[in-house]
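User: I am new to this structure and would like to learn how to read the site around its ligand. Please take me through the features in turn.

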Amino acid sequence: MADDELDLNSLDDNELTEQMWDDLYDGLADAIEEGVTIFLKRGWTPYDILTKALVEGMRIVGVDFRDGILFVPEVLLSANAMKAGMSILRPLLVETGAPKVGKMVIGTVKGDIHDIGKNLVCMMMEGAGFEVIDLGINNPVDNYINAAIEHQAEIIGMSALLTTTMPYMKVVIDALKEKGLRNDYIVLVGGAPLNEAFADAIGADAYCRDAAVAVETAKSLVSRRQGLAQV
Ligand code: B1M
């Protein structure tokens, strides 16, 4: 290590958390990987590392992006660093011997290429025992409907991060209605600009504020549906 290089191991938990926010801001993927590894060695849960170090760091990036202090190329580096950290946590979050509790197809809607939040939802859902079919980004209606039919999913999940792309969720739900398929699926929606009122207005089953809420909501709606099916 060069003399002027910071030894992340020497930082206490609070200092390391703040250093990781800085490293995420600066798009330093190697440093993020190192920080994640140190926290794991210190006994932090993958979920705490995700939410306290990575997601919070990305929130800070978002504020300066909004205010015109950071620009797309810099935010792409931050996103890249975030993904590097997530890739270490992914196998730990999805480790589960539990039988599959349900199947979800999920993707970011047409016109939208944000995928970090959706990827987090995928990881947490897999960790909770769901089988997840990840459709990626920029999905037109047919991608959701065809995949849901092909994989016999119970849940269709949609993510949107832009106010200009969130209305597309209604296009998907309306297409399900037109095809007489709406009641075959639980439709969950999420993404920073959404809220419960929007989810109600477009006819989704639920708005999920974050990945943990997505898991809880999916579990409760799937078990309610399975209960109804047995009646
Ligand atoms: Co974009 N961007 N971006 N961006 N970007 C936002 C969303 C923005 C709010 C930034 C800002 O101005 N503050 C703003 C949108 C403003 C608006 O619509 N009102 C914005 C903009 C304007 C843009 C561009 C238009 C910029 C430009 O080109 N001039 C452009 C659009 C490109 C496009 O999609 N067509 C653009 C591009 C990009 C990058 C490519 C540089 C990069 C994306 C990289 C990537 O995803 N691979 C990027 C990023 C990183 C962001 C911010 C900074 C961070 C998003 C993120 O990853 N958050 C974002 C600012 C912000 O949101 N604060 C911003 C962390 C993630 C963990 O949270 O995604 O909210 P989130 O996911 C949460 C919950 O929302 C929920 O659970 C997740 C985990 O807890 N959730 C779900 C999400 N999806 C769910 C689905 C579910 C359930 C829950 O289904 C069941």
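User: Which atom of the ligand does a backbone N or O atom of Ile-113 lie 2.7 Å from?

Analyst: Keep in mind that this is a predicted model. To read such a contact, look at the two atoms and at the distance between them. Here a backbone N or O atom of Ile-113 is 2.7 Å from an oxygen atom of the ligand.

User: Which side chains have an N or O atom by a nitrogen atom of the ligand?

Analyst: For His-114, a side-chain N or O atom lies 2.8 Å from a ligand nitrogen atom. For Lys-83, a polar side-chain atom is 3.5 Å from a nitrogen atom of the ligand.

User: Which residues around the ligand come nearest?

Analyst: The shell around the ligand has 32 residues, and the nearest are Arg-66, Ile-113, His-114, Asp-115 and Ser-159. Sorted by class, 18 residues of this shell are nonpolar, eight are polar and six are charged.

User: Which element gives the largest share of the shell around the ligand?

Analyst: That element is α4, with five residues.

User: Where does the ligand sit?

Analyst: The ligand is in the largest pocket. Elements with two or more residues in the shell around the ligand are α3 (46–66), α4 (72–94), α5 (116–127), β3 (155–159) and β4 (186–190).

User: How much space lies in the largest pocket?

Analyst: The largest pocket holds about 1,500 Å³ of space. It is lined by 45 residues, of which Met-58, Ile-116, Gly-117, Leu-161 and Ala-192 are closest to the centre.

User: Which elements supply the lining of the largest pocket, and what classes of residue does it have?

Analyst: At least two lining residues come from each of α3, α4, β1, α5, β3, β4, β5 (206–208) and α9 (211–230). The largest share is that of α3, with 10 residues. By class, the lining has 28 nonpolar, nine polar and eight charged residues.

Definitions and conventions: Residues are numbered from 1 along each chain as its sequence is written. This is a predicted model: local features need pLDDT of at least 70, side-chain atom pairs count only at pLDDT 80 or more; totals for chains, interfaces and linings use all residues. Side-chain values use heavy atoms; hydrogens and water are left out. A residue is near a molecule or strand if one of its heavy atoms lies within 4 Å of it. A polar contact is a pair of N or O atoms within 3.5 Å; within protein, one must be able to donate a hydrogen and the other to accept it, and residues adjacent in sequence count only if both atoms are side-chain atoms. On a 1 Å grid over the protein atoms alone, a cavity is a set of points where a 1.4 Å probe fits but cannot get out, and a pocket is an open set with protein on both sides within 12 Å along at least five of seven lines; lining residues have an atom within 4 Å of a point. A molecule sits in a cavity or pocket if more than half of its atoms lie within 2 Å of its grid points. Helices (H or I, at least four residues) and strands (E, at least two) are DSSP runs, numbered from the N terminus. Ala, Val, Leu, Ile, Met, Phe, Trp, Tyr, Cys and Pro count as nonpolar, Asp, Glu, Lys and Arg as charged, and the others, Gly among them, as polar. Grid points are joined across faces, edges and corners, and a volume is the space filled by probe spheres set on the points.
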